[in-house]
Amino acid sequence: MRVGIVRENRPGERRVAATPETVRQITALGLEVHIEAGAGTEAGIADAAYAEAGARTVPRLPLGDLDVVCHVRPLEPEVAAALKQGAVTIGFASPASELDSVRALADAGATAFALELVPRISRAQSMDALSSQALVAGYRAVLEATMRFGRFLPQFMTAAGTIPPAKVLVLGAGVAGLQAIGTAKRLGARVSANDIRPTSADEVTSMGGTFINLDVESGQDSSGYARSLSDDRAERQRQLLAPHVAATDILITTAAIPGRPAPLLVTADMVAGMRAGSVIVDLAAETGGNVEGVVAGKDIAVPTKAGDGTITLVGLKDAPSAVPSDASRLFAKNVANLLALMTADGVVSPDFDDEVIAGACLTHEGSVRHQPTAEMLEGAK
C-alpha cells in the first residue's frame with residue numbers, strides 16, 4: 001500500500017508530516033512511502049535523506065493512487081476531492097474552521113483522521129499532536145517575548161548596579177503554559193502562573209513557578225481538562241487577575257478550550273494598565289485570543305493609561321512552524337504511531353472498535369463521524 005507525504009503549501013507553514021526516522025518506521029510496516037519533492041526543505045530535511053531512508057521522492061503526489069495521505073495542515077478541498085475512495089488521511093483537520101474541507105473529504109469517501117480528535121488517554125499519548133505542538137509553541141512564546149522586551153530576564157549584580165529579574169506571568173498551565181513557565185524560569189525570570197484547574201498548582205510549582213490561586217470556581221471537567229466558566233465567574237476571574245497583570249513585565253496567555261473560541265482573560269483596560277515596555281504574547285490568537293484586541297500574526301502597540309509609552313501585544317501565529325525541525329520531528333512521530341496502530345501485515349485497516357481510532361476519525365464511508373462537526377455542517381446548509 002502507498003503512503004504519500006504532502007509538501008505543505010499554506011503561507012507560514014514550515015513543518016512536514018514525515019522525517020527519515022518515521023519513513024523507516026512506516027516502511028518497516030510493509031508500506032511504500034512517496035514524498036513530494038521539497039516537502040522537508042523548510043524543516044531542514046533534504047530529499048536525499050528521505051531517499052536514503054527508503055522513500056521515493058516524486059515531483060507531485062499521485063493523489064488518486066495513494067492509499068494513505070499524511071499532512072500537517074488541513075487538506076484543501078480540491079486535494080481532498082482528488083483522493084481515491086477509501087483513502088486514509090492523517091493530520092490536523094481543524095474541523096470547526098475548515099468545513100469545506102471536511103465536506104470534500106466526506107464526499108470523496110475518504111477515511112480522515114484528525115489529530116485534534118485523538119482521545120486524551122494514556123495509551124494515545126504518543127499520538128497526541130496537540131500536546132507535542134503545544135510544547136513547541138510554549139517554548140517559542142517565551143523567545144518571541146524576550147526578543148521584544150527591552151530588558152534582561154535574569155537578575156544581574158554588577159559593579160554598575162543591580163538589575164532586577166523580569167516578572168513573567170503565564171495564564172493557562174496546560175502543556176504550552178508549563179513549557180513557557182520552564183523556559184522563562186531557565187532564562188532567569190521570576191515566574192508566576194494561573195489556571196482555572198486547581199490540579200495545575202502542583203505542576204506549576206514543579207516547573208519553578210509560583211501558582212496564583214484565585215477565588216473562582218474550578219474550571220475543570222470530569223476528565224481533568226479545562227471547561228468554560230459562567231459569565232459572572234469569568235468576569236470575577238478577570239477582576240482578580242487585573243493587579244497581577246498590571247505588575248508583570250511579560251504576559252503569556254495559552255488558555256484554550258477544545259472545539260470552542262479561546263476564553264477572554266485580559267481586557268483592553270487591563271492591557272493599558274500595564275507598565276510601558278511590557279510585552280504580551282497571546283498563543284490563542286488564532287482562535288479568538290485570550291487578550292482583547294489581539295490580531296493573529298500582528299504586533300500591536302497599545303498606549304498605557306499613564307501615557308508614558310506602549311505595551312506590545314503579540315498575536316502569535318504558526319508558533320510551532322517557527323521551530324520547524326523539532327516540531328516536525330515530534331509531529332511526524334505522532335502521525336507514524338497512529339498509522340502503525342491501524343496497520344497489520346502491510347495493510348492499513350482501521351479497527352473502529354479501538355477507542356483511539358474511533359475517537360480520532362472525522363469522516364468515513366461518505367459520512368462525518370465526529371458529531372459536533374456533523375452538526376455544524378448541517379447548520380451551514
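**Exercise 1. Work out what span the 20 residues of helix 5 (residues 129-148) should have, and compare it with the end C-alpha atoms.**

Solution. Helices are DSSP runs of H or I with at least four residues, strands are runs of E with at least two, and both are numbered from the N terminus. The expected span is 1.5 Å times one less than the number of residues, so helix 5 should span 28 Å, and its end C-alpha atoms are 29 Å apart, which agrees. This is a predicted model, in which local features need pLDDT of at least 70 and side-chain atom pairs count only at pLDDT 80 or more, while totals for chains, interfaces and linings use all residues. Residues are numbered from 1 along each chain as its sequence is written, and side-chain values use heavy atoms, with hydrogens and water left out.

**Exercise 2. Describe how helix 5 lies against helix 10 and which residues make the contact.**

Solution. Begin with the axes, which are lines fitted to C-alpha atoms, for helices over the stretch in contact, with angles from 0 to 180 degrees between N-to-C directions. The axes of helix 5 and helix 10 come within 9 Å and cross at roughly 175 degrees. Helix 5 is therefore roughly antiparallel to helix 10, a label given to angles over 145 degrees. Next, take contact as heavy atoms within 4.5 Å: helix 5 contributes Ala129, Ser132, Gln133 and Val136, and helix 10 contributes Ala327, Leu330, Phe331 and Asn334. By class, this contact has five nonpolar, three polar and no charged residues.

**Exercise 3. Contrast the sense of pairing of strands 1 and 2 with that of strands 6 and 18.**

Solution. Strand 1 (residues 2-5) pairs with strand 2 (residues 32-36) in the parallel sense over four bridges, and valine 3 stands opposite valine 33. Strand 6 pairs with strand 18 (residues 361-364) in the antiparallel sense over two bridges, with alanine 112 opposite threonine 363.

Terms used:
Two strands pair if DSSP finds at least two bridges between them. Angles under 35 degrees count as roughly parallel, over 145 as roughly antiparallel, 65 to 115 as roughly perpendicular and the rest as oblique. Ala, Val, Leu, Ile, Met, Phe, Trp, Tyr, Cys and Pro count as nonpolar, Asp, Glu, Lys and Arg as charged, and the others, Gly among them, as polar.
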